[in-house]
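Please open the structure in your viewer and keep the selection panel at hand.

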Amino acid sequence: VSPYTSEPCARYRQGDVLRDVTVVTWAEQVGDDMLVHELSFPYCVVLTQECDLEQDFDNRNSPERFAASQDKILPTILFCPAYPLGDFAAGTQFPGMPMRKINNSELDRVKKNNIYRYHFLPENKAAQIPDLVLDFKHYFTVPREIAYRDTFKAAWRTALGDLFREHLSSRFAHYLSRIGLPETESA
Amino acid sequence: MSSYLKDRKLSDYKLATDTTRKASSATLLESTINSTKDGISRAGEAYKKSRVKTVVKRYSLK
């Protein structure tokens with residue numbers, strides 16, 4: 001069973017997979033210059049809650065509701081970078097930020113989604129998506145207005161089907177809500 | 001950051017290092033923020049080779 005659906009949608013959905021997304025992470029004035037820091041991600045996945053995306057879209061497209069209240073309007077959309085499996089395994093997914101290599105037995109667990117920090121998405125040749133791994137420690141937002149520009153939306157490749165989208169959402173929420181306990185001693 | 005950039009006069013910006021784009025235009029900054037590529041297919045298995053890239057662009061404010 002493929003986790004992907006190619007069903008088009010006018011709005012973003014949780015689990016949408018995008019390719020070649022460049023974001024400005026910081027800009028600062030240094031002397032007489034403006035330095036603009038950019039990050040380009042080969043792939044990323046939308047993680048904003050599905051119902052929030054739907055309500056945002058519906059409310060923006062209903063002049064009456066939009067005029068009455070902008071309570072449901074999203075200021076940003078949450079994305080998680082997705083790294084090609086080979087780079088992830090080699091620890092080279094982020095330039096200038098070497099990470100540990102993942103051995104074969106760990107990689108098997110990653111591919112079965114048995115390590116809660118990572119989420120594996122299988123290759124989709126038709127959409128030119130390789131085997132991907134999301135690292136739940138990495139995420140970023142894009143202003144909603146920017147994400148809906150045609151130039152940005154052109155980065156869309158495919159989307160996760162409902163069940164697989166919810167699986168991703170659940171695992172991401174679980175990882176973010178984990179509680180780091182101090183080491184315990186036996187009494 | 002967005003409001004900071006908005007508060008500046010965009011027409012004052014000049015590109016200092018990237019000579020492939022036109023200097024001193026609001027379009028330049030917009031394209032920087034939104035510089036996603038189109039959905040053109042890649043030959044063979046090139047789509048598996050994509051990597052994260054980091055760039056720092058320098059724009060002269062003079």
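A residue is called buried when its relative accessible area is under 20%, exposed when it is over 50%, and partly exposed in between, using a 1.4 Å probe and protein chains only. The model is predicted, so local features need pLDDT of at least 70 and side-chain atom pairs count only at pLDDT 80 or more, while totals for chains, interfaces and linings use all residues. Residues are numbered from 1 along each chain as its sequence is written, chains are lettered from A and ligands numbered from 1 in the order in which they are written, and side-chain values use heavy atoms, with hydrogens and water left out.

Select chain A first, whose 187 residues include 50% that count as buried, and whose C-alpha atoms fill a box of roughly 60 × 55 × 50 Å along the principal axes.

Now switch to a cartoon view, where chain A shows seven helices and eight strands, taken as DSSP runs (helices are H or I with at least four residues, strands E with at least two) and numbered from the N terminus.

Next, select the cysteines: how many disulfides are there over all chains? With a disulfide defined as a pair of cysteine sulfur atoms within 2.5 Å, the count is zero. Cys9(A) is in no disulfide, and its nearest cysteine sulfur, that of Cys51(A), is 14 Å away. Cys9(A) counts as partly exposed because its relative accessibility is 35%, and Cys51(A) likewise counts as partly exposed, at 40% relative accessibility.
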